[in-house]
Amino acid sequence: MSVGSLLVAGGRWRCFPVPLRSFLIQALHSSCCWKKSDAPKKITPNAAFYDENTKEPGNALDKLFSSEQQATILHVLNTASNKELEAFRLLRGRKSINIIEHREKFGPFQNLESLMNVPLFQYKTTIQVCNSILCPETGGKKRKFQDNRLLRKLIKPEIERERFKAVNSIVSIVFGTRRVAWAHVDRKLAVLDWQQNECCQLMKGTYISSVYLQEISSVISKMPKADFYVLEKIGFSIQNSSRFPVVLHFHIMEAMLYALLNKTFAQDGQHQVLSMNRNGVGKHFELMIGDTRTSGKELVKQFLSESVLKEQPRVVFPPEKIVLYRQMFSSTEQHRTEELYDSLLQAVAFYELAVFDTEP
């Protein structure tokens with residue numbers, strides 16, 4: 001039986017005598033030695049021998065990697081900036097900061113074992129980090145799979161990536177309990193239209209379907225045509241019964257918009273209406289504090305200013321409309337018109353995450 005097949009067996013290692021186990025471990029270590037002509041191999045710690053919380057395992061961590069591999073890993077750990085460290089998925093967030101702080105306080109890492117002295121680095125985590133440095137998950141099929149998985153969490157229903165890439169314009173729609181706002185934005189991130197509509201009658205009294213139809217049809221009649229209509233998706237918890245009326249309202253609004261805007265769905269089965277996760281947009285613009293999303297007003301205000309002051313702004317407001325939009329923003333700045341701000345931010349996030357696939 002091969003060492004690889006024994007690894008797959010996992011928990012059945014315990015059934016082998018101790019001498020045989022030691023021999024197999026040595027064989028495994030020998031098989032992982034790296035030659036310049038070979039691609040680096042990942043080391044997988046065996047749960048039967050090591051606990052994830054272990055700081056000092058019986059065998060030295062350095063013995064798991066060849067001298068060339070150790071040199072490569074240590075060079076990255078001792079020379080990379082915080083931004084360069086965060087390029088490795090497993091080093092994003094606090095881990096990269098901890099490496100920099102430990103390096104500044106104690107000097108360069110002398111061996112791989114010393115990495116386990118850094119907060120958040122336990123034995124199993126350290127092996128995974130070393131493997132990710134040797135085999136960075138950038139480009140190729142693995143990254144494409146991860147990007148598609150993240151996109152599926154951000155946007156529903158799932159759409160072929162080719163359709164996203166071919167988008168010329170979208171209408172981003174955000175609705176609350178009192179108003180509906182939308183932003184018509186093209187692939188150059190130029191704001192072609194940006195409006196809001198008061199819908200104060202919808203939650204008064206009973207939820208009359210005919211009233212919803214009248215109000216929403218009136219709003220839709222003002223919207224321009226686009227390749228996609230992107231709705232904000234809010235994840236409300238139904239554990240709080242007092243929120244049930246609001247949850248019901250949002251579900252009715254979403255269902256109405258899906259039905260009224262997907263005009264050709266019965267013929268071609270192609271979705272033109274999508275839902276985009278609100279917190280996903282908030283994370284993209286760093287508007288999240290814990291699980292709560294903060295106001296995007298200041299960010300939108302910054303976009304308006306940069307459109308005038310910068311030669312290549314992140315968001316473009318056409319010269320013939322910039323005065324109109326600035327006046328509209330000023331008139332609503334004293335009120336909580338978050339739907340207006342969020343509709344624009346959602347449109348920008350849609351292009352940057354789904355169409356361009358780039359971070360700002």
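Start by selecting Gly107: just after helix α5, this glycine takes a positive phi of about 90°. Keep in mind as you click around that this is a predicted model.

Now step back into the helix itself, α5, residues 94–106. Its 13 residues should span 18 Å at 1.5 Å a residue, and the end C-alpha atoms are 18 Å apart, so the two agree. Which residues of α5 are buried? Highlight Ser96, Asn98, Ile99, Ile100, His102 and Arg103.

Next, move to strand β6, residues 273–277. Four of its five residues are buried, leaving β6 mostly covered. Show β5 beside β6: the two pair in the parallel sense over five bridges, and Val230 stands opposite Leu274 of β6.

Time for the largest nonpolar core, which has 42 residues. Select Trp194, Phe317 and Phe350, the ones that touch the most other members. Several elements supply at least two residues each, including β5, β6 and α7, but α15 gives the most, with 12.

Zoom in on Phe317. Beyond its neighbours within four places in sequence, Phe317 is in contact with Val191, Trp194, Phe303, Leu304, Ser307, Ile322, Tyr325 and Leu344.

For a last stop, pick out Ile73, Val118, Phe121 and Ile127: they are among the 25 residues of a second, separate core.

Definitions and conventions. Residues numbered from 1 in each chain as written. Predicted model: local features only at pLDDT ≥ 70, side-chain atom pairs only at ≥ 80, totals over all residues. Heavy atoms only, no water. Core = buried A, V, L, I, M, F, W, Y, C linked by side-chain atoms within 4.5 Å. Buried < 20%, exposed > 50% of the residue type's maximum accessible area, 1.4 Å probe, protein only. Contact = heavy atoms within 4.5 Å. Expected span 1.5 Å × (residues − 1). Pairing = 2+ DSSP bridges.
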